[in-house]
Amino acid sequence: QVQVVESGGGLVQPGGSLRLSCAASGSISRIIAMAWYRQAPGKERESVALITMGGTTNYADSVNGRFTVSRADNTMYLQMNSLKPEDTAVYYCNAHVPGNTYWGQGTQVTVSS
């Protein structure tokens, strides 16, 4: 089993920055990739960014060039710059192991003036 816990959300003005963290614990040696998703009110959950344990990254078109995903030891980060109101959502992280995916509870990000 793997547990993941997100932190770092909050209220930020348009154009501002935030850094989210996702700390993994448990059987972390089995993790093959970690990812960020988000869900805005009334919308489906969508993929934001992914990083493999080998360091390969992938981004949604809507955040490419503004968001950066990274990983250090058992923690994944999402550096979010040039935030827009449409980035407002609950942000979730997950950890992929062979045959399963573990999700966190989410952290709220609100971009508003």
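**Exercise 1.** With which residue does Arg38 form a salt bridge whose closest N and O atoms are 2.9 Å apart? Follow the links from there.

*Solution.* The model is predicted, so local features need pLDDT of at least 70 and side-chain atom pairs count only at pLDDT 80 or more, whereas totals for chains, interfaces and linings use all residues. Residues are numbered from 1 along each chain as its sequence is written, and side-chain values use heavy atoms, with hydrogens and water left out.

Step 1. The partner of Arg38 is Asp87, where a salt bridge is a side-chain nitrogen of Lys or Arg within 4 Å of a carboxyl oxygen of Asp or Glu. Arg38 lies in strand β4 and Asp87 in the loop between β8 and β9, so this pair ties together parts 49 residues apart in sequence; strands here are DSSP runs (E, at least two residues), numbered from the N terminus.

Step 2. Asp87 also forms a salt bridge with Arg66, the closest N and O atoms being 2.8 Å apart. Because Arg66 lies in the loop between β6 (57–59) and β7, this pair ties together parts that are 21 residues apart in sequence.

Step 3. Arg38 forms a salt bridge with Glu46 as well, at 2.7 Å between the closest N and O atoms.

Step 4. Asp87 is buried at 1% relative accessible area, Arg38 is buried at 6% and Arg66 is buried at 12%, while Glu46 is partly exposed at 35%; buried means under 20% relative accessible area, exposed over 50%, and partly exposed in between (1.4 Å probe, protein chains only).

**Exercise 2.** Which cysteines form a disulfide, and how far apart are their sulfur atoms?

*Solution.* Step 1. A disulfide is taken as a pair of cysteine sulfur atoms within 2.5 Å, and by this rule the count comes to one.

Step 1. The pair is Cys22 and Cys93, with sulfur atoms 2.0 Å apart. The bond joins distant parts of the chain, with Cys22 in strand β3 (residues 18–26) and Cys93 in strand β9 (residues 89–97), 71 residues apart.

Step 2. The link of Cys22 and Cys93 is right-handed, with 65° about the S-S bond. Cys22 is buried at a relative accessible area of 0%, and Cys93 is buried at 0%.

Notes: Helices (H or I, at least four residues) and strands (E, at least two) are DSSP runs, numbered from the N terminus.
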